[in-house]
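Visitor: I have a structure open beside its sequence, and I would like to know on what grounds its parts are described as they are. Could you take me through it?

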Amino acid sequence: MSRIGNNPVAIPEGVTIDVKDNVVTVKGKLGELKQEFSNVTIKVEDGNILVTRPSDSKEDKAKHGLYRALMFNMIEGVSKGWSKELELVGVGYRASHQGQRLDLALGFSHNIVLNLAPEVKVETVSEKGKNPIVKLSSFDKQLVGQVAAKIRSYRKPEPYKGKGIKFVGEELRRKAGKSA
């Protein structure tokens, strides 16, 4: 029995949901998201979304919880939005942005320049004495996570000094250096 899939998803004010031909469209003040679905039935009743499955097969149970979670993330995204913050730890590591272009100086011979999707809002914070922070926000949770993972992949945190790009609040597993 799916525990997540059985929970109804509340629809806040200002969010409209349209279900047609195995495609759910969610519209809100921040944007519009679409998601295809299969092997489940999605109903909108009394300001809630209910996801039901046709059988108790393993595949149907898995998709039941998956599509319920995707609906929740879509509704949360178009009403409140999603954000991720990345911290650049290391001497000389810098980040700046102009519009949708993110410029990262990560100790390579050339700076890394990323052109971000128009749905993602980027902001860089550089204060003296603190590590630079890159803030990403959007109404699409999957897109924010994908862009953040792409940026982090350029210089993952190393376990000895902790240098690299990490998520704000991420606990790194540190190793001891050489014994003297």
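Visitor: Which residues is leucine 136 in contact with, leaving aside its neighbours within four places in sequence?

Guide: Contact means heavy atoms within 4.5 Å, and with those neighbours set aside leucine 136 is in contact with Trp82, Ser83, Lys84, Leu86, Leu116, Val120, Lys121, Val122, Val144, Val147, Ala148 and Ile151. This is a predicted model, in which local features need pLDDT of at least 70 and side-chain atom pairs count only at pLDDT 80 or more, while totals for chains, interfaces and linings use all residues. Residues are numbered from 1 along each chain as its sequence is written, and side-chain values use heavy atoms, with hydrogens and water left out.

Visitor: What makes a set of residues a nonpolar core?

Guide: The term requires buried Ala, Val, Leu, Ile, Met, Phe, Trp, Tyr and Cys residues joined through side-chain atoms within 4.5 Å, where buried means under 20% relative accessible area, exposed over 50% and partly exposed in between, with a 1.4 Å probe and protein chains only. The largest such core has 20 residues, of which Leu88, Leu102, Leu104, Val134, Leu136 and Ile151 touch the most other members. At least two residues each come from β7 (82-89), β9 (101-105), β10 (112-115), β12 (133-138) and α3 (141-153), and α3 gives the most, with five residues. These names follow DSSP runs numbered from the N terminus, helices being H or I of at least four residues and strands E of at least two. A second, separate core of 18 residues includes Val24, Val51, Met71 and Phe139.

Visitor: Why are the buried residues of α3 said to be on the same side?

Guide: The buried residues of α3 are Leu143, Val144, Val147, Ala148, Ile151 and Arg152. Because they cover an arc of only 165° around the axis, they are on the same side of α3, the arc being that of the directions from the helix axis to the C-beta atoms. The face turned away from that side carries the exposed residues Gln142 and Gln146.

Visitor: How do you know that β2 and β3 are paired strands?

Guide: Two strands pair if DSSP finds at least two bridges between them, and five bridges join β2 (residues 16-20) to β3 (residues 23-27), which run antiparallel. Aspartate 18 has threonine 25 in β3 as its bridge partner, and in the hairpin, with two residues between the strands, aspartate 21 takes a positive phi near 45°.
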